[in-house]
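These are my notebook entries on one protein chain. I set down what I looked up, in order.

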Amino acid sequence: MITNIYNKVSEARKQIFHFSLFAFTLILQVPCLVSCSDFLDILPMNDVVLENYWTERADVSSVLNSCYESLESSDALMRMGIWGELRSDNLVKGANVPNDINEILKENIVSTNPYCNWSKFYECINRCNTICHYAPQVQAIDPNYSEEEMKANVAEAATLRAISYFYLIRTFRDVPYSTRPSIDDTQSFILPATKFDDVLDSLINDLERVKDDAVRRYMVDRVDGSRYTFPAENSSRITRQAVWAVLADLYLWKGDWDNAVKYCDLVIEAKTKQYEELVERVGDIKEIDLVDSIPMILESPVGGGGITCGSSYNDIFGSGNSFESIFELYFLNEENKPQNTWVKNYYGNSRNSRGYLSANELMLGEVIKNSNTLFKRTDGRFWESCDYSDFAIRKYVRRSVSYTTKNVTTENGLQLSESLRPEARFNAPWILYRLSDVLLIKAEALIERGNGDDFEQAFKLINIVNKRANNLTETLKKADYVITKLQMENLVMEERQREFMFEGKRWFDLVRRSRRDGNTVYLVSAVQNKFEQNGNAIRIKLSDMNIIFMPYSKNELKVNPQLSQNPAYNNGEDSEFSR
């Protein structure tokens with residue numbers, strides 16, 4: 001899609017379109033058909049960008065598509081998984097794990113590890129900055145580009161930029177921050193790191209400005225008689241619901257509980273309205289029903305006898321773009337199209353049943369005996385997410401699954417069957433936000449606010465997520481939790497772990513808890529069981545609040561003298577670059 005940019009340059013001399021951002025390592029590049037120096041001799045780079053490119057609506061659309069492509073790239077996807085999940089208690093090494101990954105699993109992280117590289121996220125950021133800068137100018141000269149469409153495009157870009165920066169600050173804490181595009185080689189973009197809270201505030205302010213400009217839905221739900229489908233455009237592109245979900249998450253990290261609740265309520269209200277509209281058009285819906293007032297995809301469709309389960313997994317993770325999806329990265333099952341290489345290589349596929357990583361058996365064992373402290377035997381999320389015989393990860397790997405947990409006491413009694421995605425065209429979606437996330441963000445914010453009946457409301461939301469996963473069986477007792485704030489905090493963390501296991505969220509959840517507590521006690525208690533060797537030394541290491549963030553890449557320190565290494569990693573190896 002980004003190659004459409006070059007139509008403005010002579011077809012005989014297509015070249016390179018290059019945004020340089022020195023400290024950020026931002027390079028947007030395609031192969032040159034003739035030497036790049038020849039091209040620069042033909043026309044100054046800024047003239048190519050300013051005069052020959054940004055002239056019509058299609059130019060904005062091309063670069064906007066490339067923003068999504070940046071996040072869908074293997075480099076970005078792997079970091080979403082590694083940064084958000086790898087260091088948590090969910091994952092241990094699997095088969096033939098690469099050394100760079102194994103070192104992170106062992107908490108032996110150094111600045112030369114390639115997963116300290118952040119360039120793909122800054123590539124997306126700079127493309128978004130460029131759209132926000134040029135789209136208004138294009139709208140002023142292209143009569144076919146309306147102001148409403150331009151504002152919607154800017155809202156999309158601003159939200160993708162916020163998502164990219166949000167990944168960066170949750171991973172590295174303080175990062176170089178700029179909303180100016182790199183369009184002029186004379187500009188200096190060697191910047192110091194901006195503090196976590198300052199970046200967070202800036203992201204919130206940006207989205208507050210554009211939230212009402214985002215598209216509500218690109219297409220209405222498709223209905224043919226009693227059959228319906230949910231258009232991919234509504235969840236694979238930024239919508240107003242996606243902006244609200246990101247804002248709710250940002251406010252949760254900021255500790256602004258009222259606003260976190262406010263934006264969660266907007267999403268819940270929109271999803272409820274969408275459900276009501278669908279019922280009005282279709283009539284009875286077997287797969288979706290109200291669970292204590294919230295429309296959710298059921299584990300067992302209405303009228304199915306309540307025995308065969310797996311429906312919610314099949315819709316959310318198998319097909320993708322489900323009713324509950326708010327924003328996900330979507331991959332087509334077509335040749336020469338991007339694949340979800342993170343899941344394919346690190347979790348598994350039809351050819352390799354076990355990927356580089358495995359589920360943590362020490363944490364997830366004995367579910368079938370109903371003696372596991374995290375999952376009840378009736379909880380479909382365990383059976384859907386991993387293989388109970390060898391703990392190979394199955395979330396996203398499976399295209400579909402069915403099983404029963406009714407009166408099951410043995411593994412064979414599950415009657416579990418699965419269909420795996422083909423290795424050759426691995427098109428698993430990668431979900432950033434879905435309805436369950438919003439419910440649990442709201443629950444966490446209510447717990448921290450702790451006013452009036454906030455605990456009661458929070459428990460209700462947590463129980464909705466839990467009941468759906470247990471095929472509407474009650475497994476949580478309010479009397480066990482709605483007593484102290486600490487009990488409720490622990491409950492929502494446990495429910496998030498159950499619901500989002502292997503979805504790139506668990507380590508970030510532990511980091512957020514540590515920031516709020518002002519210590520890593522909860523984080524250490526969660527992850528310590530995965531370290532069978534050097535456990536005590538790792539516990540001591542993880543007691544440092546600085547260590548829960550990644551170090552800056554050594555290469556980044558070389559090119560940006562204004563960056564100072566995270567003190568937890570400044571052990572002499574980076575001293576010559578630190579300031």
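Entry 1: the whole chain. How many helices and strands does the secondary structure of the chain come to? I noted first that this is a predicted model. I then found 23 helices and 12 strands. Of the 579 residues in the chain, 56% are buried. I also looked up contacts with a separation of 6 or more, and residues 24 or more positions apart account for 68% of them.

Entry 2: helix H10. I located H10 at residues 240-254. At 1.5 Å a residue, its 15 residues should span 21 Å, and I found the end C-alpha atoms 21 Å apart, which agrees. I next looked up burial, counting a residue as buried under 20% relative accessible area. In H10, 14 of the 15 residues are buried, so the helix is largely enclosed by the rest of the structure. Glycine 255 follows H10, and I recorded a positive phi for this glycine, near 85°.

Entry 3: helices H16 and H19. I took H16 as residues 435-449 and H19 as residues 485-500. How do their axes cross? They come within 10 Å and cross at roughly 170°. Angles over 145 degrees count as roughly antiparallel, so H16 is roughly antiparallel to H19. I noted the crossing as left-handed.

Entry 4: the contact. I listed the residues of H16 that meet H19, among them Leu440, Ile441, Glu444 and Ile447. On the H19 side I listed residues including Met488, Val492, Arg496 and Phe500. The residues of this contact divide into seven nonpolar, one polar and eight charged.

Technical notes: Residues numbered from 1 in each chain as written. Predicted model: local features only at pLDDT ≥ 70, side-chain atom pairs only at ≥ 80, totals over all residues. Heavy atoms only, no water. Helix = DSSP H or I, 4+ residues; strand = E, 2+ residues; numbered from the N terminus. Expected span 1.5 Å × (residues − 1). Buried < 20%, exposed > 50% of the residue type's maximum accessible area, 1.4 Å probe, protein only. Axes fitted to C-alpha atoms, helices over the stretch in contact; angles between N-to-C directions. Parallel < 35°, antiparallel > 145°, perpendicular 65-115°, else oblique. Left-handed = near helix turned anticlockwise from the far one by under 90°. Contact = heavy atoms within 4.5 Å. Nonpolar A, V, L, I, M, F, W, Y, C, P; charged D, E, K, R; others polar.
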